[in-house]
Amino acid sequence: MALWFCSARLFIFLFIVSALPIAYIIYQERAETDHHVFHYHSSGFFRESAKWDDKSRRFLVTFLEGGVGEIHVPQNYSRDVVLKEVTVVKDSDLTGNASLGLALDRPRNRLLVAVADMFGNRYSALAAYDLSTWKRLFLTKLSGSGDEKSLADDVAVDADGNAYVTDVKGSKLWKVGVDGEILSTLTNPLFTPKEWYRSLAGLSGIVYHPDGYLIVIHTLGGYLLKIDLAKGDEVKLIELASGPLSFGDGLELISPTKLVVAAGNPSGRLVESTDGWETASVVAKFKGPMHRFATAATVKDGKVYLNHMVGMGYPKKTHALVEFVL
């Protein structure tokens, strides 16, 4: 009798402990907000990055299980409508690799996608796809199984069509030419913090500034770097007046002086510089859904939206692109 009573109490305790987080998530999902959220149904739980394609009125998202999807937003879109994700890229020869960061290269009508093996480290790569036909234009392997540990995480493209891919494990940057050829590999002491544990997640989000330099974030270091392409890839630490950007991930430049950092929770931070990104400071923060995790940012019609990695529900997973109210 005593054993049965203890077992029953344990069962009730475990039920309550597990039910509370579920109830909280349900409450958060149904709560009214003062900002807009694009919800869409997906077949997968994890969507790493998202960018708005204005010409085709769609969000493009990358699958952590590999592939790319599009979420079309009709002209007569109503805010209470849940949109639908359609798979546009699913390469059989890339099975087992994750699709991570992406960059739109509209002048050349293509999408660039960072590809990495999340588990076996078979290779990291950069893939390019035609935005109209989704034909793969090239697949450039950046590292192989015999190389040091690496993981291609994000990508940016410059005015000439060259791509720059961050290595979140190996603390380096690959430069890939417009036709897919590897042009160089950039390393620098500033890419590697003194504390070993901060190198577990290194260079992550990256953007190209129209003045000819790159801005990169170091995730666990919590700092921004400026890489001046016109000065022989000179690397400088951007002095942050407001402290570190811990767990910073995806970046989106919304003007020459303003940068959005997707950073877990608080979901986003707005960083501003008035001296050409020699120094900068956080001027605004946005606290999004506590039960989701922000990994990327994009701009649609002048508004910033944060991609949240984890989808909720079964069998349809509901994902959220949440407006960052500036």
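This is a predicted model: local features need pLDDT of at least 70, side-chain atom pairs count only at pLDDT 80 or more; totals for chains, interfaces and linings use all residues.
Strand β19, which spans residues 258–262, is mostly covered, with 4 of its 5 residues buried.

Strand β19 also pairs with β18 (residues 251–255), again in the antiparallel sense, over 4 bridges. Here L251 stands opposite V261 of β19. The two strands β18 and β19 form a hairpin that has 2 residues between them.

Strand β20 covers residues 268–272, and S273 lies in the loop between β20 and β21, the latter running over residues 279–286. S273 has a relative accessibility of 2%, and therefore it counts as buried.

A polar atom of the S273 side chain lies 2.9 Å from the backbone nitrogen of W277. When residues up to four places away in sequence are not counted, S273 touches T257, E278, T279 and A280.

Strand β22, residues 294–300, is mostly covered: 6 of its 7 residues are buried. It pairs with β23 in the antiparallel sense over 6 bridges. A294 has H308 as its bridge partner in β23.

The hairpin of β22 and β23 has 2 residues between the strands, and in this hairpin D301 takes a positive phi near 50 degrees.

Strand β23 comprises residues 303–308 and strand β24 residues 317–324, and Y314 lies in the loop between them. P315 lies in the loop between β23 and β24 as well. The peptide bond from Y314 to P315 is cis, with omega near 0 degrees.

Y314 counts as exposed because its relative accessibility is 70%, and the cut-off for exposed is over 50%. On the surface, Y314 forms a nonpolar patch with F45 and F46, and together these residues have about 360 Å² of accessible area.

## The loop between β8 and β9

The loop between β8 (124–130) and β9 (136–143) contains W134. Although W134 is a residue other than glycine, its phi is positive, near 65 degrees. W134 counts as buried because its relative accessibility is 15%, which falls under the 20% cut-off.

L131 also has its place in the loop between β8 and β9. The relative accessibility of L131 is 3%, so this residue counts as buried. The C-alpha atoms of L131 and L104 are separated by 8.8 Å, with the two residues 27 residues apart along the chain. Apart from residues up to four places away in sequence, L131 touches R58, L60, L104, R106, N109, R110 and L111.

## N109, a contact of L131

N109, one of the residues that L131 touches, is found in the loop between β6 (98–105) and β7 (110–116). N109 is not a glycine, yet it has a positive phi of about 55 degrees. With a relative accessible area of 19%, N109 is buried; the cut-off for buried is under 20%.

## A163 in strand β11

A163 has its place in strand β11, which consists of residues 163–167. At 2% relative accessibility, A163 is classed as buried. A163 and G180 are 17 residues apart in sequence, and their C-alpha atoms are 8.7 Å apart in space.

Leaving aside neighbours within four places in sequence, A163 is in contact with L112, L126, V155, A156, V157, W174, K175 and V176.

## The chain as a whole

The chain contains 1 helix and 24 strands. Of its 326 residues, 52% are buried. Among contacts in the chain with a separation of 6 or more, 48% are accounted for by residues 24 or more positions apart.

The accessible surface of the chain comes to about 15500 Å². Carbon and sulfur atoms hold 58% of that surface.

Terms used. Residues are numbered from 1 along each chain as its sequence is written. Side-chain values use heavy atoms; hydrogens and water are left out. Buried means under 20% relative accessible area, exposed over 50%, partly exposed in between (1.4 Å probe, protein chains only). A polar contact is a pair of N or O atoms within 3.5 Å; within protein, one must be able to donate a hydrogen and the other to accept it, and residues adjacent in sequence count only if both atoms are side-chain atoms. Contact means heavy atoms within 4.5 Å. Patches are made of residues with over 30% relative accessible area and no salt bridge: like charges are joined within 9 Å, nonpolar side chains (Val, Leu, Ile, Met, Phe, Trp, Tyr) within 5 Å. Accessible areas come from the Shrake-Rupley method with a 1.4 Å probe; for residues, only the protein chains shown count as cover. A salt bridge is a side-chain nitrogen of Lys or Arg within 4 Å of a carboxyl oxygen of Asp or Glu. Two strands pair if DSSP finds at least two bridges between them.
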